[in-house]
Amino acid sequence: MFTASEYEYMARALQLAENGLYTTSPNPRVGCVIVRDGEIVGTGWHERAGEPHAEIHALREAGAAAHGATVYVTLEPCSHYGRTPPCAQALIEAGVARVVVAMKDPNPLVAGEGLEMLRQAGIQTEHGLLETQAHELNVGFVYRMTCGRPWVRLKIAASLDGKTALNNGVSQWITNEPARRDVHRLRARSCAVLTGIGTVLADDPRLDVRAVETTRQPLRIVVDSRLRTPPTAKMLGSGATLIVTGNDDSETLDKLRKAGAALLVLPLQNGCIDLEQMLVELAKREINEITVEAGPILSGALLQAGLVDELVIYQAPLLLGDKARGMFAMTELTSLPGLELRVKNVAMVGCDMRIRAEPLK
């Protein structure tokens, strides 16, 4: 049983971890608080891959006061040498008395070994304090480690009657500025933003982060089975872009490489990219979270393939009528229920409504 004070310490560690929301990829977001005699003596958070982990920052701040202290950390301390030395060993050397973690590390290289290393050194360990919140903060990292593919978040901007564009293709802007700024926050926390070739040809988007401050831009990914992306596309000149295609024409591939694109060539299934295989390949590239900003064809295909983990739908208080374009191109249903969702949260973002939901699988 954890005390009220311990909940406060771990909540503080989670707040610290959120500082790395836009920067730690592909590493998890982790915060740490060190407490001795009822006082916080050290705090830290993981800032970016390759740099010291949260525990190291907190230990440096605590100094000698870490000896005999209790450590509250949002993720199990690592036990292996990766880009940095193991944090479990650093805690042992600092002489801490107790370590409380929110959740165990799903990384097979750790997976309980960090806690076991601490126990073998005579340090008391406990886990499970605010575990749900810690899991939510690192949902993409957890999903990649346990399921072998990234967490896929599908973003949709629509009218109240479920339309995403006029029949002539005009879609700017259905939602208002606060909602569009909120979308940039989704992009900033994502490892990648994914779209389809239809959106590239129709809108020529940049799909970068502009409305919030960040030192890291997400990878832009285009699903383009026939390799129709023009070398002049805006996203090719403004950051890392990966084109996923089934076309291995060397001349076209070379043109796009020279324009700044990386290419991933996959076998086609019935003329289309195997979306599940694509996600497996992206996980191998350490992609944790993907935000999808695509048209109805790709959005519908991902949904029907069971590859969408979360929907974020921004609905504007306007009506576009039955001739306007819908959210998803999906196979016609002849009976109910349809694809069922669990609504996780509904909030107002400016004058638009944001609905967060997940498919029931």
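**Helix packing and nonpolar cores in a predicted model**

Helices H2 and H3 pack at an angle of about 20 degrees, with their axes 9 Å apart. Axes here are lines fitted to C-alpha atoms, for helices over the stretch in contact, and angles run from 0 to 180 degrees between N-to-C directions. The structure is a predicted model, in which local features need pLDDT of at least 70 and side-chain atom pairs count only at pLDDT 80 or more, while totals for chains, interfaces and linings use all residues. Residues are numbered from 1 along each chain as its sequence is written, and side-chain values use heavy atoms, with hydrogens and water left out.

H2 and H3 are therefore roughly parallel to each other (angles under 35 degrees count as roughly parallel). Their crossing is left-handed, a term for a near helix turned anticlockwise from the far one by less than a right angle. Glu55, Ile56 and Leu59 of H2 make the contact with Cys87, Ala90, Leu91 and Ala94 of H3, where contact means heavy atoms within 4.5 Å. By class, six nonpolar residues, no polar residues and one charged residue take part; Ala, Val, Leu, Ile, Met, Phe, Trp, Tyr, Cys and Pro count as nonpolar, Asp, Glu, Lys and Arg as charged, and the others, Gly among them, as polar.

Helices (H or I, at least four residues) and strands (E, at least two) are DSSP runs, numbered from the N terminus. Just after H2, Gly63 takes a positive phi of about 60 degrees.

The largest nonpolar core has 43 residues, and Met10, Ile34, Val71, Tyr72, Val96 and Val99 have the most contacts inside it. Such a core is a set of buried Ala, Val, Leu, Ile, Met, Phe, Trp, Tyr and Cys residues joined through side-chain atoms within 4.5 Å. Elements giving two or more residues to this core include helix H1 (4-18), helix H2 (54-62) and helix H3 (87-94). The largest share, six residues, comes from H1. Leaving aside neighbours within four places in sequence, Met10 is in contact with Tyr72, Val73, Thr74, Val100, Val101, Ala102, Leu129 and Leu130. A second, separate core of 30 residues includes Val244, Leu266, Val308 and Met327.

Asn168 lies in the loop between strand S7 (163-165) and helix H7 (177-189). Asn168 is exposed, with a relative accessible area of 58%.

Terms used
Buried < 20%, exposed > 50% of the residue type's maximum accessible area, 1.4 Å probe, protein only. Parallel < 35°, antiparallel > 145°, perpendicular 65-115°, else oblique.
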